[in-house]
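Dear colleague,

Please find below the structure that I am handing over to you. My findings follow it.

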Amino acid sequence: MIQKIKKILSKKNKTKIICLTAYSKNFATEVDKFADITLVGDSLGSVLYNYETTRKVTLNNMIEHSKSVRMGIKKSLMVVDMPYKTYQNKKDALKNSIKVIKETKCDAIKLEGGNKIKDIIKHLVKNKIPVMGHLGLLPQSVRGKFKSKGKIKTEKKQLLKDSKLLEQLGVFAIVLECVETSTAKLITKSIKIPTIGIGSSVFCDGQVLVTDDLLGLNETNIRFVKKFANLKKNINQGLKRFKKEIISKKYPSKKFSY
Ligand code: KIV
């Protein structure tokens, strides 16, 4: 197991794990200073390309953005989302995961699903591909409205079962998306690998958010997103000053000219 993954595992029950998304070098450089895990999420489909779902994201989209992210990372574990329909069977999953790891030099890949993809996860782990799991709300499978998971008894039971299964199959951590508080707490207590929550309460071992959302760059009204900065405002101020100085001929002064 790679050293960076061992470090993530050692944080369970000690310190919270920080996971942040990045889709390009400049963002990755800043994210890497604070994150244990930098995730090139297929959320880039909605954040950057305005796609209604993540299903339109291609393997090539993920590879090109990940190559850029790789240039910004010095210390965090780099995880890349495998997009929709790239891990439908064992053969494709292995071929595409190897391609992603070879071309982007990422440390691990992430797949959405539990019992339904157990044979695929087993095959990847057997072939030494580090895998991060993703349970609860699965954006690649959602049709229609996004709803929280684990409120009703049967869902709670299934989520716990899936989490234990993923642990047993050898994934090193599980993202829990929009999982009801008591279910997320129960799962976190019941498995030895870390849970990384997104809209899944404070009881998870770590937290992940889309960086563009938490910095106020991407307009969203998702309940679990807290705005920790207002980058949009900062960018507007900078661009306004740029325009003003050009119109007033203050820029470029002699100092900025040849
Ligand atoms: O695609 C993504 O960015 C994700 C995280 C938000 C968990 O899967």
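In which segment is Phe256 found? Phe256 lies in the segment after α10 (231-247); helices (H or I, at least four residues) and strands (E, at least two) are DSSP runs, numbered from the N terminus.

Please note that this is a predicted model, in which local features need pLDDT of at least 70 and side-chain atom pairs count only at pLDDT 80 or more, while totals for chains, interfaces and linings use all residues. Residues are numbered from 1 along each chain as its sequence is written, and side-chain values use heavy atoms, with hydrogens and water left out.

The barrel is formed by 8 strands, closed in the order β1-β2-β3-β4-β5-β6-β7-β8 with parallel pairing; two strands pair if DSSP finds at least two bridges between them. On average, neighbouring strands of this sheet are turned by 25° against each other, direction ignored (axes are lines fitted to C-alpha atoms, for helices over the stretch in contact, and angles run from 0 to 180 degrees between N-to-C directions). Strands β7 (residues 195-198) and β8 (residues 206-209) run parallel and are joined by 2 bridges. Opposite Gly197 stands Gln207 in β8.

Helix α4 (residues 59-72) lies across β2 (37-40) and β3 (77-81), at about 165° to β3. The loop between α3 (44-49) and α4 holds Thr54. Thr54 is buried (under 20% relative accessible area; exposed is over 50%, partly exposed in between, with a 1.4 Å probe and protein chains only), its value being 7%. Beyond neighbours within four places in sequence, Thr54 is in contact (heavy atoms within 4.5 Å) with Asp42, Ser43, Pro139 and Gln140.

With kind regards
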